[in-house]
Amino acid sequence: MMRSASARQQSVRIRGGGTKLSWGRPTDLPDIEVSTEGLDQIVEHNEGDLTAVLQAGTPLARVQEALAEADQMVALDPPLGETGGATIGGVVSTADSGPLRHRYGAARDVILGITVVLSDGKIAKAGGKVIKNVAGYDLAKLFTGSYGTLGLIVEVVMRLHPRSRETMTAVGGSDDPRALGDAASVVAHSPFGPECLDVWWAEGQGEVLARFGGAAPEAAAKEVAKLMERAGLETRMVADDDALWERQRARQRSSDDPIVRVSGLAAELPRVVRSAEEVGASLVGRAGLGLAWLTLAGGDGREVVSGIEKLRRSLHPFPCVVFDAPQAVREKVDVWGEAQALSLTRRVKARFDPDGICNPGIFVGGI
Amino acid sequence: MPAPITATSDRCLALVERRVASFVVIDAGLVERLRAISGHTHVLTDEHELRTYESDGLRHYRSPPAVAVLPGSTEEVRDIVRACHEAKVPWVARGAGTGLSGGAIPVEDGVLIVLTRLNRILEVDLDNQRVVVEPCVTNTAISKAVGPTHFYPPDPSSQIVSTIGGNVAENSGGLHCFKYGFTTNYVTGLEIVLSDGEVVTVGGKELDHPGYDLVGVFVGSEGTLGVATKVTLRVTPEAAAHQTMVGYFDSIEQAGRAVTDIVGAGIVPAAIEIMDKLTIEATEHWTHAGYPLDVGAALIVELDGSEAECEARSADVMAIYERNGTTSTRVAQDDDERALIWKARKAAFAAMGYVSPYYYVQDGVIPRTRLAEILEQIDGLSEEYGFKVANVFHAGDGNLHPLVCFDARNPGESERAEELAGRIVLACVEAGGSITGEHGVGLDKKHLMTDMFSEHDLAAFQRLRCAFDPDQLANPGKVMPTPRLCGEVPGPYRKHPLEQAGVAERL
């Protein structure tokens, strides 16, 4: 299919679960849409080796369900992964992530190997099926987050982690962004190592959440709750905490309001909260990693565009990327903002997709 | 400590012979330019000075550069690389030279960029858990700079001397990577001088910069995509508690089964290592760490986390040791004992000199569950070749380091030892593993790349290489098994002179 598209110079868009179709720059309608729906097999689950080979179109929820039988998981919990039909290929190609990122890293950190179809139809693989391997270039990382602009991901090998049977979340609330920032910082630097460390802020108040798993979640959660209290937060402990974390994930997405993802620094959380307030946005974030997703109310109006621009100015030089925005907004702002090493980036694109048929126009710099 | 001497082989001998004729006169104009950039004292052209740099940790490859230059800043590196680009002269960047795959072996007619003067820690930003360093800061210095509250997890055994630049090039692992990951999981930003002299910044202290993950592809690219002049690293808080416990077993298979049970129980130790009988003998001779000599294998497990977590998990691990027939166990009572237990493991390669005058260090990876059958194959090969093979094993991630013991004074033994080591790594690949887990491909293993990757896979690698370095001046002749040209993209087809001569083929 790719070969014939290439011969005819037809543009190709790749579609997985269709949960992120509004991401990236607005593009012309592609000549061909390739669906990964038929690539939906869990090819291998190597329980003892903590690896799984997955076809790109496999819904993440189905993967997790199968792995859970062995008390294992792919440590990726992006929004719409559990309920919305997001596929492993879509999550990898957009590098989407969720709260588990605090402990386990992003897709780039748990991907071990990849098989891709390049624009000329050639099938290539990189990496391997073992959790440690340095042979050859790490093309799995190159394709992770490349939005289908370099070729079609058909199969990935993922590293697995044990799934915690019991969890406990320490929650601390406050109406003072500085107190939330202090608490998050103390927890992030504590030796207790939570699995997830999140924050949210909306309408003048917010919470820090620290989730623990492993053999003794309660003891660690109690210690961390004490740290939060000392930072001036009002704390509670939640044992049945799945809903709490599903809500955190849900706050990263929006059906009609634009989301601005801020790549900031952990210690700057209070500043990011203030900037969010200035434009009337709510916030959810990975408190230990400096990542925050801001939801700007107001749909596709002019205020939204100026709100995005204002955020970019006040948070400079932190990268601010726009997601879930209506077409009208995406036409007025560059959703990606400024990109680094653009000429090198263009050379990479040109080598992998010389005819420019793979998802043209969607990526940074109009790639 | 006697210096262990590594193997020579036909391939290496060819290099050694070539060396005699290799002090070629490099373009005098280029040398002058290098002197103008870095100063007279930092440009070396004398044979005796260049010998220092003729090999890296894999000493059987030797090839001095035509000229070595020691830049003192990013700008100097940029100007040197630019001068090489204009003169179309290949170059190799080098740190401490502890690599074990010949990745830092100079190109004989080329320039060696020795980065040892770029050794400053530029910033320690503990609030954000980041450090920014120049490439020749040592691995250990990072942990020192952020301790005792924080540490930098990737810890190759060479960490006291090996540099971050080298760790980035090789994507170094270490003892703690089963739980904490590799260098690639800790590099968040890089300043890179590309082979045309352009200086690019990719990533930073922040995560998720928009664009391709160029940080991710650069780490582990073995010096072939450019040279890193600044590295931003993530550091992590020290755990509240550690618990180190050794289980001794009659056989390495039993120890392997215990590892399977530990992983199966959902336990993720900070480190999990196996040493076999021969390795224990060697390390005990040197470190006197108190390992018994009458056991078949030692399994070292280190847990970390909260006190309660360590306590609960260590009871689980002890029960698993018992269930798998441990003959005795040892639990570190304090930090000193913990350090002693690890001292033996970290000294494993060096201590092998006590067992054998010569040895060959192999680095292969298997899916961990195939351990028993691979060990059987290694035993069989060991018998077939008549060489002892010691085994040290990062048990959690399936990374084997068989050490082939031989005596190079006996004619033909070196070649046969290297052949045996090669067959071990092929067995790893056949079991679904990899030709290298942490030492890299470099010069040493490029001929094995075709055992792991197809022509199409290698062609995809070449696309990346050509995007970064179309003239292939950065560390040429490493990683990729056969030299290939990049060609122009896009644009009309023109035959390269080397292509016309039939020396290289186009993709």
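Helices are DSSP runs of H or I with at least four residues, numbered from the N terminus. Helix α6 of chain B, residues 164-170, is one such run, and A169(B) is found in it. The model shown in these views is predicted.

**Figure 1. A169(B) sits in helix α6 of chain B**. A169(B) counts as buried because 30 C-beta neighbours lie inside 10 Å, and the cut-off for a buried residue is 20 or more. Which residues does A169(B) contact, leaving aside its neighbours within four places in sequence? They are G103(B), S221(B), E222(B) and G223(B). G99(B) is 70 residues away from A169(B) in sequence. In space, the two C-alpha atoms are 9.8 Å apart.

**Figure 2. Chain B as a whole has 18 helices and 21 strands**. Its radius of gyration is 23 Å, close to the 23 Å that the globule rule gives for 507 residues, so chain B is as compact as a globular protein of that length. The C-alpha trace of chain B spans about 70 × 60 × 45 Å along its principal axes. Buried residues make up 57% of the 507 residues. Among contacts in chain B with a separation of 6 or more, 72% join residues 24 or more positions apart.

**Figure 3. Chain A as a whole has 13 helices and 17 strands**. A compact globule of 367 residues would have a radius of gyration near 21 Å, and the 21 Å of chain A agrees with that. Along its principal axes, the C-alpha trace of chain A spans about 65 × 55 × 30 Å. Of the 367 residues, 62% count as buried. Among contacts in chain A with a separation of 6 or more, 69% join residues 24 or more positions apart.

**Figure 4. Chain B touches chain A**. The contact takes 74 residues from chain B and 67 residues from chain A. On the chain B side, the elements that give two or more residues are β9 (199-203), α8 (214-218), α9 (252-264), α11 (307-323), α16 (449-452) and α17 (455-468). Which of these elements gives the most? It is α17(B), with nine residues. The chain B side divides into 32 nonpolar, 28 polar and 14 charged residues.

**Figure 5. Strand β6 of chain A pairs with β8(A) and with β7(A)**. Strand β6(A) covers residues 111-117, and six of its seven residues are buried, so it is largely enclosed by the rest of the structure. With β8(A), residues 152-159, the pairing is antiparallel over six bridges. With β7(A), residues 123-127, the pairing is antiparallel over five bridges. V117(A) takes part on both sides: L152(A) is its bridge partner in β8(A), and I123(A) stands opposite in β7(A). β6(A) and β7(A) form a hairpin with five residues between them. In the turn, G121(A) has a positive phi of about 90°.

**Figure 6. Helix α2 of chain A has buried residues and, on the face turned away from them, exposed ones**. The helix covers residues 60-68. L60(A), V63(A) and L67(A) are buried. These three cover an arc of only 60° around the axis, which puts them on the same side of α2(A). An α-helix has 3.6 residues a turn, so residues three or four places apart point the same way. The face turned away from the buried side carries the exposed residues E65(A) and A68(A). What do the buried residues of α2(A) pack against? They pack against β3 (42-46), β4 (51-55), β5 (72-73) and α3 (88-94) of chain A.

**Figure 7. The largest nonpolar core has 272 residues**. Which residues have the most contacts inside this core? They are L294(A), I113(B) and L299(B). Leaving aside its neighbours within four places in sequence, L299(B) is in contact with V246(B), G247(B), F249(B), A255(B), A258(B), V259(B) and I274(B).

Note on methods:
Residues are numbered from 1 along each chain as its sequence is written. Chains are lettered from A and ligands numbered from 1 in the order in which they are written. This is a predicted model: local features need pLDDT of at least 70, side-chain atom pairs count only at pLDDT 80 or more; totals for chains, interfaces and linings use all residues. Two residues are in contact if their C-beta atoms, placed from the backbone, lie within 7 Å. Ala, Val, Leu, Ile, Met, Phe, Trp, Tyr, Cys and Pro count as nonpolar, Asp, Glu, Lys and Arg as charged, and the others, Gly among them, as polar. The radius of gyration is taken over C-alpha atoms; the globule rule is 2.2 Å times the number of residues to the power 0.38. A residue is buried if 20 or more other C-beta atoms lie within 10 Å of its own, exposed if 12 or fewer, and partly exposed in between; C-beta atoms are placed from the backbone. Two strands pair if DSSP finds at least two bridges between them. A nonpolar core is a set of buried Ala, Val, Leu, Ile, Met, Phe, Trp, Tyr and Cys residues joined through C-beta atoms within 7 Å. The arc is that of the directions from the helix axis to the C-beta atoms.
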